[in-house]
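Subject: Structure handover and findings

Hello,

Here is the structure I said I would pass on. My notes on it follow below.

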Amino acid sequence: MGDRAPAEGGLVGWWVELPPGAGTAVMATGIVSIGLHLVGREVLSWILFVLAAIAWLALAVDFVRHLLRDRDRWAEEADTPPALTAVAATTLLGTWVALEGWSGVAVAALVVAVLIWPVLLTAVVRHWRRRLPGTVFLVCVATQGLAVLGGTLVVSLPSGWLAWPALGCFLLGLALYAFAFRRFDLGQLRTGAGDQWVAGGTLAICALAGSKLLAVPAWRGTALHDALRPLMLVTLALSVCWYAVLVFAEVRWPRPRYDMARWATVFPMGMTAVATLSIADAAAVGWLRTPGQVLLWAAAAAWALALVGLVRHLGAYYSR
């Protein structure tokens, strides 16, 4: 957004200038809402879900508007990793409604995500380069989002065939993480504006996807189930290690100024909490619920701080 003059006045002008990574705000709000649902805070969960849904609708309209009226800008933004927040945000909101029992809406969200995922993923991977910020991991986040939503729907739908495509997305997401890590600029731990946290949050969503697959009824007691459990626990442990490293980096190199990329900090914090809570149930590791709840409230606090920063940013925008 920088210092350029707004193309239009008021909120419309501010919205036009939003980068494609603004979808991380929907992702952050959606995952914290899911976490609140998991710990029984239904009222707070609903409030955050409504906010996330409204923002998702606004971004979806903006996405279609650019596609129809400003194809050059749409193509330019579609080539960048933040464009994949469209897929990730859709799958997270779909997961929330699936947990509420609205399978039809969740299936619709999955269909939308599946349709746009290959288009955006192909465009992003074709334009990969070296020394990218944390958003490079969104190729994995979007893919694992499909696995999470698909795995959640397996429990509520009459047919279990969806578990196999979900497993495929889970394995592809793990592979994409390795490729993305090679292109991640580790210097972002010192200089990143907030999206460096996605490096750790990606492993958390991998663990969450694994927990959903671990809960597939038809796979219980099979060799596949036995292989998924340790893989999921190791992935969660690695995400927690990343969490500790990222917290240390924040303390060592403070960056208190608000940036839209700070929503990409909240999302991994919330995802680590939700993965921990989900694995506590799926893998029958009850003691994980306590640290999961601690991580969730830390994420909720970070969400509130990001919201305050956004409101102040809007106030500054209007005062220009």
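In which helix is the place of T143? T143 sits in helix α7.

Before going further, the basis for the values. This is a predicted model, in which local features need pLDDT of at least 70 and side-chain atom pairs count only at pLDDT 80 or more, while totals for chains, interfaces and linings use all residues. Residues are numbered from 1 along each chain as its sequence is written, and side-chain values use heavy atoms, with hydrogens and water left out.

Overall

The protein chain has 13 helices and zero strands; helices (H or I, at least four residues) and strands (E, at least two) are DSSP runs, numbered from the N terminus. Of its 320 residues, 52% count as buried, where buried means under 20% relative accessible area, exposed over 50%, and partly exposed in between (1.4 Å probe, protein chains only). Among contacts in the protein chain with a separation of 6 or more, 80% come from residues 24 or more positions apart; contact means heavy atoms within 4.5 Å.

Helix α7 and its packing on α5

Helix α7 covers residues 138-156. At 1.5 Å a residue, its 19 residues should span 27 Å, and the end C-alpha atoms are 27 Å apart, which agrees. The expected span is 1.5 Å times one less than the number of residues. The helix is mostly covered, with 17 of its 19 residues buried.

The axes of α7 and helix α5 (residues 85-99) come within 8 Å and cross at roughly 20 degrees. Axes here are lines fitted to C-alpha atoms, for helices over the stretch in contact, and angles run from 0 to 180 degrees between N-to-C directions. The two helices are therefore roughly parallel to each other; the classes are roughly parallel under 35 degrees, roughly antiparallel over 145, roughly perpendicular from 65 to 115, and oblique for the rest. α5 passes α7 in a left-handed crossing, that is, the near helix is turned anticlockwise from the far one by less than a right angle (clockwise would be right-handed).

On the α5 side the contact is made by T85, V87, A88, T91, G94, T95, A98 and L99, and on the α7 side by L138, V141, A142, G145, L146, V148, L149, T152 and L153. By class, that contact has eleven nonpolar, six polar and no charged residues. Nonpolar means Ala, Val, Leu, Ile, Met, Phe, Trp, Tyr, Cys and Pro; charged means Asp, Glu, Lys and Arg; the others, Gly among them, are polar.

T143 and G173

T143 counts as buried because its relative accessibility is 0%. Not counting residues up to four places away in sequence, T143 touches W117, C169, L172, G173 and L176.

G173 is found in helix α8 and is buried, with a relative accessible area of 0%. Leaving aside neighbours within four places in sequence, G173 is in contact with C140, T143 and Q144.

The crossing of α8 past α10 is left-handed. A163, A166, L167, F170, L174 and Y177 of α8 make this contact with A199, T202, L203, C206, A209, G210 and L213 of α10. Those residues divide into eleven nonpolar, two polar and no charged.

The axes of α8 (residues 163-183) and helix α11 (residues 223-252) come within 14 Å and cross at roughly 35 degrees, again with a left-handed crossing. Here W164, L167, F170, L174, Y177 and F181 in α8 meet L224, L228, L231 and W242 in α11. The division is ten nonpolar, no polar and no charged.

The 30 residues of α11 should span 44 Å at 1.5 Å a residue, and the end C-alpha atoms are 44 Å apart, which agrees. Buried residues in α11 include L228, W242 and E250.

R262 lies in the loop between α11 and α12 (263-282). R262 is buried, with a relative accessible area of 14%. Beyond residues up to four places away in sequence, R262 touches A193, G194, W197, E250 and R255. R262 and T24 are 238 residues apart in sequence and 8.8 Å apart in space, C-alpha to C-alpha.

Regards
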